[in-house]
Amino acid sequence: MQSTDIGPKEHGKIWHRKPRPSLADGVIVNVVHGVVGYHSKIIRFLHVAFDTAGEAFLAGDHQGNIYVFDLSRNSFKLVQRTGQSCTALAFTLRRKTEYLVALADYSVKCFDTDTKELVSWMRGHESAVSSISVHGSGRYAVTTSSDTAQLWDLDTFQRKRKLNVRLSVGIQKVYFLPLSNTILSCFKDDSIFAWESDTLHCKYQLPVPGDESRINYKAFAVTRDGRALVAGGKSNFLHCWCLNARQLQRIIQMPPKVRTVRQLEFLPDSFDGGSSQVIGVLSQDGIMRFINIQTCKLLFDIGSLDNGINTLAVSSNGHYIAAVLEDGSLGIYSVRALAQELNKPPPPLVKVVADSDKTKDSENKNDTSGLKMRVTSGRVERPWGGQTAGKKIQTRILKPSGTILEDKENVLPAGLNKKRLQALLKEFGEYPVKYRMFIWRSLLQLPENHAAFSSLTDKGTHAAYLGIHEKYPIKSQKLLRILQRVLSVMAHWSAIFSEVSYLPLLAFPFVKLFQNNQLIGFEVVATVIINWCQHWFEYFPNPPLNLLSMIENILAHHDKELLQHLMKYNVTTQTYAWPLIETLFSEVLTREEWLKLFDNIFSNHPSFLLVAVVAYLICSRAPLLHCNIKEDLEHFFHHRNNLDLSAVIKEAYHLMDTTPEDIHPKCMLDDFIPLTKGQYPIFNKYPKFIVDYQTQEREKIWHEELDYLKERQLAYGMQAENVKRQAENAAWYRQQELLREAEEQRRKILLEEEQKLVEQRVRLAAVKRELKVKELQVLDAAHRRFLKHQQEEQKSELRRLDDEIDRKIALRGMETAALIQDVEVRNMELETQKRIFEQQLAKEHEAVTGHVKGHLGTNWIKADVEEEKFKRLLEMDQYPDAEDYKNVEEGLAETDQLFANMDWQAQMLHKQSVYNLDREKCQAELARLASENREREAKLLHAMKEVEGKQWNEVVERHVQLEANQQERAAAADAHSRQLLPDEMSRAVELGGHPHKNRHHSFERLCDTRTKCSTNQRRDLLQSSGVQKPGRLCLNDVSLDSSVQLSLDRGRTDLDSKERELMTGVRELRQKLATQARRRYSTISLTDWTT
């Protein structure tokens, strides 16, 4: 059996040499998915599914890897990594490259094997999907979980319908029937419904079995024509339903080893028209048993108790079986190899209708398979009640074929007839391969004593065959174990068989044929020994001389020349007859020839074996007569020869008919006697004392050998202990010697190292002295070099400082020249501004002059008005009331006029302030652009600001003095006017003077506000620009304008002179700083030279 580990490979070959499936198990190859780095760890496969052609199948493991195994091309490839384990697979879609995978997240995905892409993702289940069934057209699919079943349209991947059930009922399986549009739903309460897939109308319901026959259906299988349904569950019974008649047709009972049916699969056949007859039953022990549902015969099985089957899939063409084993590997089986060993009986040639008594007798005789079927002449009642209690089930009707044969000796079990078989054998020379094993079992009339065989096997392996693998090294370990078990059973059955040396050669062909059924193999060997090996053991341990003499007599009668030739070269029957008999021709014939020969041996009298030996010699007389060496003759009877077996068999029949009665072996050998039922017969046809003596001697030798082995083992142990002790002692002495040598070597090394250390210390002291002298020299040279370097550094520093001073002086000169140019430009700008300002002052002076004149006119007018008032006041004494009213009205009118004028002036001032603010913004922008120039002129501007501040203070003081003088003058005028008015006029003045007072107070407050605003604006502007802006002066104030006019020329002259003085001071300051720098550097250099 080949084994392939796919490992991490994504593609490769399934097998590396042409598979030759064994007839015993039919395994083509065993596929394992190992883990890299772990020899014993594998990734378990979970599910398999074949395609429609039956030449490729899908396999999914618990890690979510999906593989496609193509058996026709001997290749596999990884087609998908889903990342989670799959719960079901389906590979029968309309598009051949697409397949369905049910995953652990309750979803169903459709993938493509060629592109490896996700085609669709179907969701809707709330529990794990246990099965996927696809319609024959590939258009629809049914997915089943424990609580629901859903119908999908595979063209659009949309859900069409959903089947919901109660949780107490549950769904077992829902699937499409082949060749129809019917959906079959099976529930946990054993109810089965059929639905129309197009309309989803219920077509029918199968009757539910009664409580006595209910088996809790778990597994279902339908034939390819969709006419029959087989269901199994928690028992060893199978219910066979006819879907056309919608009734239970048959109940099949499996062997007692089957307690639960886990899976059912029909085995397709190309010539059965879809009505499959062979079904595989997977039970709880992991073994899949294939039976014929018509004959109820076990055909073959796959799997073992050590490594059972979890689940499997059968290809649609019936050629392959892919099974997932318990260890997680994949087993691929060949159905053709397994079918060669089918124990399927042929159709009965004679069908007998027997009475009830004969029926019972025939049942007792023909119970060979453990599966009971009652043969009746009519109908029997169903074994359950309920809806089908009154119906009958027709199990089997056998019609008589003619007359009943009178020769009961020729009647064999299962309705076979020995004479008819012999006629068939003479016609064709051999039995059909398909039915050979069944015919042999019928001819030998095997009792199949299970209990007796189990009691013999329970005794274990016999001591005589414990070392059979050393003498007979068989390649197949399974076959070797079966042979050892059968030989052990033979030895436990009779003691002689533990002493017979040629028993393995005799039994091996039968064991190999019946290796799947050890009971049959043992009983065949036992039957052959009882009937065809009569008188073999009478001269044990010597060959059966009486039988050999009989063969020699027959040969002498029919071919005396050949016998004389053999005797001439001292070749006895023990040389030319016994090798053929003890191996039952297995050494000189091929498998097919041997089977053909034993078809004839089992169909005739036991003496046919001895006659066949003589026939073999007579048919080989030509090559034997040409052999002149005894060794060649001995080689001839132990190897295959070019011989026509049909001629041998024909010659054997001729000898059986022409041999005289006095030398015919039939007279010496008994007729065929089958094994007894229940218990096997006692076999004691051998010299018991010899066997017992040999057994005793062998046991004695065995015990002596055990004692010898124990003593030898003890001696070996003591010798090993002595050798070990000697080796340990030698190792210890050698270790001590090595330690001593190592110690001496270490001492020598230490002495040498100490000597070297002393020498090194002396050299190190000399080197230190030299290094110290060199260090002092180096320090002296370094000090001198450092002093020289320092002098050079100082000189270079002085040069650098001189250069720096010259550069700074030049830079200062350039800056000064640039500053002078800037000052000249500034002077030009100031001159220009001066001229502009003079023009503005001239204009303002004219305006002020006009204003002053207007003010003087106003004063004259006021004086006239006061005089007029005074006069009127004098007249008011005469007309007090009318004048009062008139004065009040005039005062109010004048007040209103003044207020209007003040509002106009306030508006003008506001506009002028807005204009000034805009101009200040422009000047601020200009100031930002000229920031670099202002930094250079910082000191100059500061001095100019001090001068300007002093001038401004003088202007302010003069303005304050002018205001004080004006106030004094106004107070003196008021006092003088008050002295002139009498007491009577004061009351009138107070009555008419309130408006004037209020008006004058408002006018003064407005003037003060304007003066303060203009003063603050002028101060801010002069502080920001450093230049007097004439546009910021308040022209309404007469005293301020006159003071500015008087001090303007003097301020300009002072400003020019101070600016010249400041530039001269700056130049002197720079010269002083340069002189101080030269002096400081000269003093530093002098101190450095002194140090």
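Lys418, Leu443, Trp532, Phe602, Asn604 and Phe672 line the second largest cavity of this structure. Welcome to the model, which is a predicted one.

**The largest cavity**
- In total, the structure holds 2 cavities of 30 Å³ or more.
- Around the largest cavity you will find Val588, Leu589, Glu593, Tyr616, Asn641, Leu643, Leu645 and Val648.
- Sorted by class, that lining has 6 nonpolar residues, 1 polar residue and 1 charged residue.
- As background, empty space left between atoms shows up when a probe the size of a water molecule is rolled over them.

- Strands in a sheet pair through backbone hydrogen bonds, in either a parallel or an antiparallel way.
- Here, 4 strands form an open sheet in the order β10-β11-β12-β13, and their pairing is antiparallel.
- The edges belong to β10 (86–90) and β13 (118–122), each of which has a single partner strand, so one side of each is left without a neighbour in the sheet.
- From one strand to the next, the twist averages 20°.

**A look at one strand pair**
- Strand β12, covering residues 108–112, pairs with β13 in the antiparallel sense over 4 bridges.
- To find a spot where these strands meet, look at Val108, whose bridge partner in β13 is Met122.

Note on methods: Residues are numbered from 1 along each chain as its sequence is written. This is a predicted model: local features need pLDDT of at least 70, side-chain atom pairs count only at pLDDT 80 or more; totals for chains, interfaces and linings use all residues. Side-chain values use heavy atoms; hydrogens and water are left out. On a 1 Å grid over the protein atoms alone, a cavity is a set of points where a 1.4 Å probe fits but cannot get out, and a pocket is an open set with protein on both sides within 12 Å along at least five of seven lines; lining residues have an atom within 4 Å of a point. Grid points are joined across faces, edges and corners, and a volume is the space filled by probe spheres set on the points. Ala, Val, Leu, Ile, Met, Phe, Trp, Tyr, Cys and Pro count as nonpolar, Asp, Glu, Lys and Arg as charged, and the others, Gly among them, as polar. Two strands pair if DSSP finds at least two bridges between them. Helices (H or I, at least four residues) and strands (E, at least two) are DSSP runs, numbered from the N terminus. Axes are lines fitted to C-alpha atoms, for helices over the stretch in contact, and angles run from 0 to 180 degrees between N-to-C directions.
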